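Please open the structure in a viewer and keep the selection tool at hand.

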Amino acid sequence: MIMGNLASRFLRPALGLLMLLGSLETTVAAPPTYSVAIVPQFSAQQIHAEWQPLLKRVGDEAGVTLEMQFPSSIPAFESAFQRGEPDFIFGNPYHAVMARRKQGYIPLVRDAKLLTGILVVARDGPVSSLKGLAGHKIAFPAPNAFGASLYMRALLIEKEQLRIEPVYVKTHGNVYRQVLVGDFAAGGGVNQTFADLPAAMRDKLQVLYETPGAASHPLAAHPRVPEGVRKRVTAAFLKQAGDEQGKALLKDARIPSPVAADYARDYGPLEKLRLDKYLVLEE
């Protein structure tokens, strides 16, 4: 009985220490989790396939877990970041302006190549000039898709004095396909998504009009994300360009040449374009 009491006296502290160590190990092993919303230019399946491996690698490098969110549409994505829900967003250049105004999102990285909006028509179709589009329905992915729709519509209406009827078909892929089959006389896209098309599809389309270039889509962080985390995530993104695996992941996510982003330099100038009257917002 005495031996049992002695053993109990020694075992209880030992077990308590083991439990404490186990708890500490679990705490250390679980990095903080941050949500990432990607503008749904493509299907959720495609976005997951292209982005998840990159976010996993970047998160591991930065010591965080980056958990993807999948907004159902571009307007749903816009509503989410205007409420400040995602910790990180990857959106178009004017989304950077909108997110900065509403929640103070901070651009971290972007691709070095400028983004240009393009207006495409069927290569063998009946339209070969902007004048030929007067009064026609034109396909756009979403009202606020920057180069493919927002900036494009402003230029067509104000600079080119073209009367058009916009129709929103959700994704860039839908735009290209529906122009090809003749549902629309023309459609808006961007240089990056056009280059991604299979050659057989791309060769049947012709770029009729192009917008001036703008700084490309940024990855931006909500200001509640600690500065140290923002710096580590930025550094991890930039580091991916240093090896072949990282380069492949960046290419899949359409950030093949990442550079540090700066709001005043890259996106502040877009405020002068006065595009707000062409915005269509959903609450």
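The stops below cover aromatic rings, cavities and several individual residues.

This is a predicted model, in which local features need pLDDT of at least 70 and side-chain atom pairs count only at pLDDT 80 or more, while totals for chains, interfaces and linings use all residues. Residues are numbered from 1 along each chain as its sequence is written, and side-chain values use heavy atoms, with hydrogens and water left out.

**Stop 1: aromatic rings**

A pair of aromatic rings is described by the distance of the centres and the angle of the planes. Rings of Phe, Tyr and Trp (its six-membered ring) pair if their centres lie within 6.5 Å; planes under 30 degrees apart count as stacked, over 60 as edge-to-face and the rest as tilted. By this rule there are nine aromatic pairs. Select Phe-81 and Tyr-105, an edge-to-face pair with 6.5 Å from centre to centre and 80° between the planes. Phe-81 belongs to helix α3 (residues 74-82) and Tyr-105 to the loop between α4 (93-103) and β4 (106-111), so the pair ties together parts that are 24 residues apart in sequence. Helices (H or I, at least four residues) and strands (E, at least two) are DSSP runs, numbered from the N terminus.

**Stop 2: the cavities**

On a 1 Å grid over the protein atoms alone, a cavity is a set of points where a 1.4 Å probe fits but cannot get out, and lining residues have an atom within 4 Å of a point. Grid points are joined across faces, edges and corners, and a volume is the space filled by probe spheres set on the points. The structure holds two cavities of 30 Å³ or more.

The largest cavity contains about 150 Å³ of space. Select Gln-41, Phe-90, His-217, Ala-253 and Arg-254, which are the closest to its centre of the 17 lining residues. Helix α2 gives the most to this lining, with three residues.

The second largest cavity has a volume of about 80 Å³. Of its 13 lining residues, Gln-41, Asn-92, Ala-145, Phe-146 and His-217 are the closest to the centre. Helix α5 (residues 146-159) supplies the largest share of this lining, three residues.

**Stop 3: two buried residues**

Select His-217, in the loop between β9 (205-210) and β10 (218-221). Is His-217 buried or exposed? His-217 has a relative accessible area of 6%, and therefore counts as buried. Among the residues that His-217 touches are Gln-41, Phe-90 and Asn-92; contact means heavy atoms within 4.5 Å.

Move to Arg-153 in helix α5, which is buried with a relative accessible area of 5%. Arg-153 touches Phe-140, Pro-143, Pro-166, Tyr-168 and Tyr-278, not counting residues up to four places away in sequence.

**Stop 4: two positive phi angles**

Most residues other than glycine have a negative phi, and most peptide bonds are trans. Select Gln-161, which has a positive phi of about 55° although it is not a glycine. Gln-161 lies in the loop between α5 and β7 (165-168) and is exposed, at 63% relative accessibility. Finally, select Arg-274, in the segment after α11 (263-267). Arg-274 has a positive phi of about 55° and is exposed, with a relative accessible area of 69%.

Technical notes: On a 1 Å grid over the protein atoms alone, a cavity is a set of points where a 1.4 Å probe fits but cannot get out, and a pocket is an open set with protein on both sides within 12 Å along at least five of seven lines; lining residues have an atom within 4 Å of a point. Buried means under 20% relative accessible area, exposed over 50%, partly exposed in between (1.4 Å probe, protein chains only).
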